[in-house]
Amino acid sequence: MEGHGEMMDSLQEDEKSQRRFNEIIERIEQVRGYLGLNRSKFCRTIGMSPQTYNNFIGPQGTKPNIQLLHGVVTRFGVNPMWLFTGAGNMFLAGYGDKPS
């Protein structure tokens with residue numbers, strides 16, 4: 001039954017992977033909340049349509065793409081290490097000021 005064990009390993013890896021993606025999306029939502037931005041303004045700032053963003057945060061759980069990740073890091077100065085792992089500060093030095 002080696003095939004069955006390999007299939008279980010694959011399913012466990014898929015679950016871990018999905019959990020990591022969900023954690024990244026949760027951290028992106030933390031950033032949006034911290035900055036006090038509604039979805040529309042947040043999406044406009046990173047150059048993404050709200051409909052596309054909803055695919056990431058909605059029940060369909062679409063994996064975050066490079067446009068989303070790049071936008072969050074470059075437009076808001078989010079620390080990539082924090083974004084991917086939760087370790088370190090949310091923002092890089094000199095970033096993280098709430099919009100006035």
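Residues are numbered from 1 along each chain as its sequence is written. In this predicted model, local features need pLDDT of at least 70, side-chain atom pairs count only at pLDDT 80 or more, totals for chains, interfaces and linings use all residues, and side-chain values use heavy atoms, with hydrogens and water left out.

**Exercise 1.** Work out how helix α2 and helix α4 are placed against each other.

*Solution.* 
- Step 1: Find the two helices, α2 at residues 39-46 and α4 at residues 66-76; helices are DSSP runs (H or I, at least four residues), numbered from the N terminus.
- Step 2: Take the geometry: the angle is about 90 degrees and the axes lie 9 Å apart. Axes are lines fitted to C-alpha atoms over the stretch in contact, and angles run from 0 to 180 degrees between N-to-C directions.
- Step 3: Name the arrangement: α2 is therefore roughly perpendicular to α4 (65 to 115 degrees).
- Step 4: List who meets whom: F42, T45 and I46 of α2 touch Q67, L68, G71, V72, R75 and F76 of α4.

**Exercise 2.** Is R75 buried or exposed, and what does R75 contact?

*Solution.* 
- Step 1: R75 counts as exposed because its relative accessibility is 55% (buried is under 20%, exposed over 50%, partly exposed in between, with a 1.4 Å probe and protein chains only).
- Step 2: Setting aside neighbours within four places in sequence, R75 contacts T45, I46 and H70 (heavy atoms within 4.5 Å).

How values were computed:
Angles under 35 degrees count as roughly parallel, over 145 as roughly antiparallel, 65 to 115 as roughly perpendicular and the rest as oblique.
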